[in-house]
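Open the model in your viewer and keep the selection tool ready. This tour goes stop by stop.

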Amino acid sequence: MIGEHVVVGYTDDEGGRDALALGSAITRITGGELTVATIYPPGSPGLAVEAQANLAHAAMELGDVPAEYMAFESRGVGRGLSVLASRIRADLIVVGSAQSGQHGRISIGSTSDHLLHLSSEAVMLAPRDHVPAEATSRLTLAYVHRPQCDEAVERVAQAALRLGVPLRLITLDLRTEDPGRLGDDLALAVRLAWETTGIEAESEIAEGHDVAAAIEGIEWLPGELLVCAASEDAQPHRVFLGELAMKVLRASACPVTVLPRGFS
């Protein structure tokens with residue numbers, strides 16, 4: 001299950017603080033390790049000092065929450081977070097939204113864009129100004145009938161079982177496909193969750209004229225987490241988010257986790 005070792009990509013702004021709060025909440029729930037990282041470019045002593053100052057601010061925000069703090073040199077923030085996560089064997093990178101985004105929604109900046117196309121670890125994004133709940137209420141997987149999502153059904157069902165929370169599988173009906181086939185595919189996914197973990201997953205078809213309308217039209221609980229699988233175009237053990245999943249991510253009002261291809 002993801003969350004055994006979480007890396008938070010911290011910047012001293014609202015997005016960084018959103019990521020810090022979410023990463024801390026995840027490790028509180030999973031009992032995992034927390035590493036707070038600030039990335040700075042090579043050959044910049046002044047920015048290296050600033051990175052250390054940012055980490056001091058993060059430590060003040062967390063108070064007595066156990067965490068490691070690391071300033072890491074890299075030519076790009078997203079690349080630096082991914083390399084660092086691999087080196088310290090973290091399994092989840094948490095980042096915040098770009099500050100130009102809408103309140104309560106996820107906005108993709110350069111760091112998250114890099115991670116969503118190249119990270120070898122799972123990536124979690126916090127909506128802008130998100131306040132984490134005390135506990136996870138439900139895991140929801142955005143499901144499309146393809147091998148990557150079938151694999152994700154098993155992994156997310158195992159996580160739900162460990163956390164003791166319900167599992168929901170949703171698929172989108174944008175009025176462009178046969179709704180009967182979508183229902184049959186979803187029923188097979190529910191059966192897969194049961195056969196692999198014994199969990200009776202909830203299922204729901206979200207209808208709308210576009211992705212945003214479909215996502216908005218279904219109920220979302222406080223403390224809910226949405227999970228998306230990587231695209232079939234992803235390299236093995238890498239994240240690569242397809243066009244539909246990217247639209248789902250942008251429409252979500254709760255944190256979203258993207259699993260790498262072949263995640264285990």
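Select β9 and β10: the two strands pair in the parallel sense over 4 bridges. Pairing here requires that DSSP finds at least two bridges between two strands. Strands are DSSP runs of E with at least two residues, helices are runs of H or I with at least four, and both are numbered from the N terminus. Now pick Val227, which stands opposite Thr257 in β10.

Before moving on, note that this is a predicted model, in which local features need pLDDT of at least 70, side-chain atom pairs count only at pLDDT 80 or more, and totals for chains, interfaces and linings use all residues. Residues are numbered from 1 along each chain as its sequence is written, and side-chain values use heavy atoms, with hydrogens and water left out.

**Stop two: the other partner of the pair**

Click Arg138: Glu224 in β9 stands opposite.

Stay on β9. How many of its residues are buried? The count is 6 of 6. Buried means under 20% relative accessible area, exposed over 50%, and partly exposed in between (1.4 Å probe, protein chains only). Glu224, Leu226 and Cys228 cover one side, and Leu225, Val227 and Ala229 the other; all are buried.

**Stop three: helix α8**

Select residues 243-251, helix α8. Its buried residues are Ala245, Met246, Val248, Leu249 and Ala251. What do they pack against? Show α4 (110-118), β5 (122-125), β7 (167-173), α7 (211-216), β9 (224-229) and β10 (256-259).

**Stop four: Ala56**

Go to helix α2, residues 45-62, and find Ala56. Ala56 is partly exposed, with a relative accessible area of 38%. The C-alpha atoms of Ala56 and Asp12 are separated by 10.0 Å, though the two are 44 residues apart along the chain.

**Last stop: the whole protein**

Zoom out. The protein has 8 helices and 10 strands. Its radius of gyration, 18 Å, is close to the 18 Å that the globule rule gives for 264 residues, so the protein is as compact as a globular protein of that length. That radius is taken over C-alpha atoms, and the rule is 2.2 Å times the number of residues to the power 0.38. Along its principal axes the C-alpha trace spans about 60 × 35 × 35 Å. Of the 264 residues, 50% count as buried.

Conventions
Contact means heavy atoms within 4.5 Å.
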